[in-house]
Amino acid sequence: MPILTVKGLPAAAILKREGVAVWDECPAGLRPLRVLFLNLMPQKEQTELDILRSLAHAAPPVEVTPVKIAGQTYKTTPMEHMQAFYTDIETLMGGTFDGLVVTGAPVEHLPFEHVRYWPQLCTIMDWARTHVRSTLYICWGAQAALYHHYGIPKYALSEKMFGIFPQRVLRPLPLFDGMARPFAMPNSRHTEVRVADFPAGADVVPVAVSDESGMGVAVGAGGREIYVAGHLEYEPATLEREYLRDVAKGLPIALPRHYYRGDDPAQGIDYSWQQACATFYANWVERYVAPQPAPPSA
């Protein structure tokens, strides 16, 4: 369904060529769902495309506003791009929004408190609890929010969690309606949070886990916060690009697991998470971001 975003965003032009309805302006009389997109990933244009493409699977029109933390500089994305298409989130925090997406970030090796924008991010996460209907935290973003809100630590892994891993659904939530059981999800990370560290009696619970990759999805605050350890939004070739990049740099890296057909690159990529991505994002938008009808009175 239609996506609205800032005029001229390169990802919007790509989606239009793919047949996605992308609007520069909303038709009169229509109120789209307003979703902020805090993009902390290094390759911002690729992440823009991934997130917009994923959100386009939802039925209601979604207005996506890319936002950044004020005062930050960027090594891998031109400042001209950031200034043209991103808004300082601080200027929007006087209002309320339907949704917020917070991506991962390439800072896993740092303690959270050593990340240069950690104080600002904590302020944003606290603000979202009272001003956003539902926030989707992805990969490092999920680890950061779980640590900030619940004190759940992250742990360094002995080797990169890298591949496509089946996720067992623990609770039949609307988030998983229409999804395969188990469902496939890409992971690419050097750290993890552990199910055993979720505090008993807290309002956050793991709802999907993997025997190989651990905690997969958690839900907190009655659906106001969704924590995803992996990257359902990844396009098919992303893990291959990461693998070839690390090989070229001489970094220790194994082939992504369960990614190539027969675990053989010559046989091509098995896009096994495509349906899971489309359905998960549609469910999040339609069942958590969109206002829900009040239950009938007794």
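**Exercise 1. Which residues do ring pairs link into a cluster?**

Before we start: this is a predicted model, where local features need pLDDT of at least 70 and side-chain atom pairs count only at pLDDT 80 or more, while totals for chains, interfaces and linings use all residues. Residues are numbered from 1 along each chain as its sequence is written, and side-chain values use heavy atoms, leaving out hydrogens and water.

*Solution.*
- Step 1: Recall the rule. Rings of Phe, Tyr and Trp (its six-membered ring) pair if their centres lie within 6.5 Å; planes under 30 degrees apart are stacked, over 60 edge-to-face, and the rest tilted.
- Step 2: Apply the rule, which gives 12 aromatic pairs.
- Step 3: Follow the links. F112, Y117, W118, W140 and Y147 form the cluster.

**Exercise 2. Find out why the pair of Y259 and W273 is stacked.**

*Solution.*
- Step 1: The ring centres of Y259 and W273 are 6.3 Å apart and their planes stand at 25°, so the pair is stacked.
- Step 2: Locate the partners. Y259 and W273 are 14 residues apart, both in the loop between α6 and α7 (274-289); helices here are DSSP runs of H or I with at least four residues, numbered from the N terminus.
- Step 3: Check the surroundings. Both Y259 and W273 are buried (under 20% relative accessible area with a 1.4 Å probe, protein chains only).

**Exercise 3. How many residues of helix α5 are buried?**

*Solution.*
- Step 1: Helix α5 spans residues 140-150.
- Step 2: Of its 11 residues, 9 are buried, among them W140, L146 and Y150.
- Step 3: Look just after α5, where G151 takes a positive phi of about 70°.

Notes
Buried means under 20% relative accessible area, exposed over 50%, partly exposed in between (1.4 Å probe, protein chains only). Helices (H or I, at least four residues) and strands (E, at least two) are DSSP runs, numbered from the N terminus.
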